[in-house]
Amino acid sequence: MKQRQAFLPFALPDIDGSELQEVKEALESGWITTGPKVKQFESEFAAVVGAKHAVAVNSCTAAMHLALEAIAVQSGDEVITTPYTFAATAEVIRYFDAKPVFVDIDPVTFNINVDRIEEALSPLTKAILPVHIAGYPADMKHIREIAARRGIAVIEDAAHADPGTFSKWNARGSDSAAVCFSFYATKTITTGEGGMVCTNDDAIADRCRIMALHGISRDAWKRYTAEGNWFYEITAPGYKYNMTDVAAAMGLAQLRKSDRMLARRREIAQAYDRAFEGNSRLQIPNSHILHGWHLYMLRINAAGGLSTVGDVRARFVEELKSRNIGTSVHFIPLHIHPYYREMYGYTPEDFPVAYSEYLREISLPIYSKMSDRDVQDVVDAVLDVADNL
Ligand SMILES: *Cc1c(COP(=O)(O)O)cnc(C)c1O
């Protein structure tokens, strides 16, 4: 088969003159750290996702850390989450010496299996931390019912969510304690590195804002501008998690084109679906009308035991790479990583769905910079590899 000339990266940001213009303004203004661009990004982001407050920080990891701190997670507490996620989701629970209690995933959606949450609850459960994997909404209706019945908090890892779509998941507004977004380089919108805590709770927003900047009760922008003054008070040993104006400037431009970028990702997902649907070697991801399409999580159908399945997937990755197509795998479940294995004594079979789905997952490139030719090259390469498994 014809091989594409240049390697197609797995992910690329969509940067154009609008980011350059916003960043230029920030740089030329003389104010490059947390200031007016951050304020503006927070208010525009809050409006898009339909939240009362948005607090901009330098990562989603920081956002989740602050949210857990704001609901007063303590040493020995338990937080229910999914093993099928990135390192950040569980490490922020460990920051408090609290325990991430994993609940296996739903085999269709890759999201936390809500029917298994009940059995993971204990008197020590402080919160539920679901992940909207790939941009596919977790079953928040059920999660909220369970949390409300038990009087525990919900904090959403919305690192994969599309901001515009998120508001449509929550037509009546989110009553989660906090929703945390990521603006990492590969995410639905990016600031290079960045994150946002969104909440409708005034006290949580205030606490996150203060703890994001050293536990200081007034931010530097207010202190140093004409209307500010020199006095501040340290109210707690906080962190250094604030977003810079340079990053926020990029975020403003990204946010304004996020609907366009989502529309293109949706087109790509539909093209993949059409090409792979019905192929006995492939299983297309579950669709959802409000999917954010951060990832296109394809699954490979392979006969044999788990190790054979894993080998087939590894070969699939290599074969696509040799055809100049970049891919990735989402995610290596947390419970099979050395830290969690050693800390809690897990074996892969402790969360069998997460483990077996991981072994046959391969994420295909899906980003707005991809041309129709790029998409067709991925389709051709995947079908060719699948035919020759
Ligand atoms: C990327 C990611 C994060 C962390 O986001 P950062 O902004 O890099 O801290 C958290 N959770 C999930 C599921 C992610 O994919």
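**Entry 1: a helix pair**

I began with helix α11 (residues 306-322) and helix α13 (residues 352-359), which pack at an angle of about 40° with their axes 8 Å apart. Axes here are lines fitted to C-alpha atoms, for helices over the stretch in contact, and angles run from 0 to 180 degrees between N-to-C directions. The angle makes α11 oblique to α13, since angles under 35 degrees count as roughly parallel, over 145 as roughly antiparallel, 65 to 115 as roughly perpendicular and the rest as oblique.

I then listed the contact (heavy atoms within 4.5 Å): L306, V309, G310 and R313 belong to α11, and Y355, S356, Y358 and L359 to α13. These residues divide into five nonpolar, two polar and one charged. In this scheme Ala, Val, Leu, Ile, Met, Phe, Trp, Tyr, Cys and Pro count as nonpolar, Asp, Glu, Lys and Arg as charged, and the others, Gly among them, as polar.

**Entry 2: basis of the values**

I note that the model is predicted, that local features need pLDDT of at least 70 and side-chain atom pairs pLDDT 80 or more, while totals for chains, interfaces and linings use all residues. Residues are numbered from 1 along each chain as its sequence is written, and side-chain values use heavy atoms, with hydrogens and water left out. Helices (H or I, at least four residues) and strands (E, at least two) are DSSP runs, numbered from the N terminus.

I looked up strand β1 (residues 53-57): five of its five residues are buried, so β1 is largely enclosed by the rest of the structure. Buried means under 20% relative accessible area, exposed over 50%, partly exposed in between (1.4 Å probe, protein chains only). H53, V55 and V57 lie on one side of β1, and A54 and A56 on the other.

I found β1 paired with β7 in the antiparallel sense over five bridges; strands pair if DSSP finds at least two bridges between them. V55 has V197 of β7 as its bridge partner.

Strand β6 (residues 178-182) joins β7 (residues 195-199) through four antiparallel bridges, with S182 opposite G195. Three bridges link β6 to β5 (residues 153-157) in parallel, and D157 has C180 as its partner. In β6, A178, C180 and S182 point one way and V179 and F181 the other, all buried.

**Entry 3: the open sheet**

I recorded an open sheet of three strands in the order β8-β9-β10, with antiparallel pairing. β8 (282-283) and β10 (361-364) each have a single partner strand, so one side of each is left without a neighbour in the sheet. Helix α10 (residues 258-276) packs on this sheet and touches β8, β9 and β10.
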